Amino acid sequence: MKDLFDIAVIGSGPGGYRAAVLAALRGQRVAIVEKGEWGGCCLNRGCVPKKDWHYSARLIAASRSFATRGISGRFDVDLAQAWNHQKAVVRRVQESYLDYMKRLGVATFHGIATLESSHSLRIRAPTDEYLIEAKNTIIATGSRPSIPSEFKPLSRRVLTTDMLFDASPPPGRRVAVIGGGFIGAEFAFILAMFGLEVQWIVRRAPLARTLFSAQALNTLKQAMLSYGVEPIENAVIERCEQNRDGVSVLLSGGRRFATDWLLLGTVRVPVTDELALEKVGVKLDERGFIQVNDWLQTTAPNIYAIGDCISDHMTANHAMADAGVVVHNILAGSARDAWRQRDVLWVPEVIYSAVE
């Protein structure tokens, strides 16, 4: 016998979790499926561990002016212990997260979800298999790092930001941070405050593709400079050589530098490959994002998609805003005049760096 749900959610990141909670609070029978760690990238390798580190980084930054207040002394920074601390924070949040869904009556399935039809999901768990039915499905499968062709991920030497939180930090005090977006600007500051020698490599001015004002960007730039963090702009990496002792990077123009390890804060791509979208007629665009309309419906009307898997706006705030739109629209049903549209300009963009 198949279990019947009002809403099935695929993915337990901030968008999927919020959709499941909002729907359950409104009396819907909800199932949520997660193939990896509960909480997705945000909880395990993104927002939560990064903000834990950012809080410490801000304390260290503030300590530079302690002497003017009559407070003497210095901080000894232990990056390995900082890594252990964020892991403990993640575990506590994850336990609370699962407990809340349980108390709301959300059915949780740990496995890989495949769309069997527009109203059914097959879930392949490590030791079992389930088939569930749902009136509506919300796809919230998120994104993963895309590795530029000039790099090859190498444990302990060349890392994505996902890899940084999978294992304790590599040895060595020199690190190159690649990327001028949110991730690059945040980790360039955080790692510098943790006492590392940071080379920040960007193709164009940091945060050039955001909607922050020139004044805001200049404020951030001056704050970064005050902490000794200055980007190498208009830098194109031509070659990256990895060995047991570190990484050698060759930039356009012949500039070369050596570093102990390298952190990639570059492009992320949507995760859709295991869903069997073609079975139900859900279409992707030319870049692999799931196609949705203004109401976040896919090309299969009762299947919706939110967050990183539908657009370049890959932040927890956007995913959570999308979740609110979708749950509202599902509950509004046939009253289409009451449906809400996605409007990314109403979603705050926030960066946790030398200035918040």
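Which side chain of opposite charge is nearest to R157, and how far away is it? The model is a predicted one, in which local features need pLDDT of at least 70 and side-chain atom pairs count only at pLDDT 80 or more, while totals for chains, interfaces and linings use all residues. Residues are numbered from 1 along each chain as its sequence is written, and side-chain values use heavy atoms, with hydrogens and water left out.

Helix 1 covers residues 14–25, helices being DSSP runs of H or I of at least four residues and strands runs of E of at least two, numbered from the N terminus. Because 9 of its 12 residues are buried, helix 1 is largely enclosed by the rest of the structure, where buried means under 20% relative accessible area with a 1.4 Å probe, protein chains only. What covers these buried residues includes strand 1 (3–10), strand 2 (30–34) and helix 8 (316–332).

R157 sits in the loop between strand 7 (143–145) and strand 8 (158–160). The nearest side chain of opposite charge is D260, 5.1 Å away, and the buried R157 has no salt bridge, which would require a side-chain nitrogen of Lys or Arg within 4 Å of a carboxyl oxygen of Asp or Glu. The backbone oxygen of D260, however, lies 2.8 Å from a polar atom of the R157 side chain.

Technical notes. Expected span 1.5 Å × (residues − 1). Buried < 20%, exposed > 50% of the residue type's maximum accessible area, 1.4 Å probe, protein only. Contact = heavy atoms within 4.5 Å. Lys, Arg positive; Asp, Glu negative; His and termini not counted. Polar contact = N/O pair within 3.5 Å; in protein donor to acceptor, adjacent residues only side chain to side chain.
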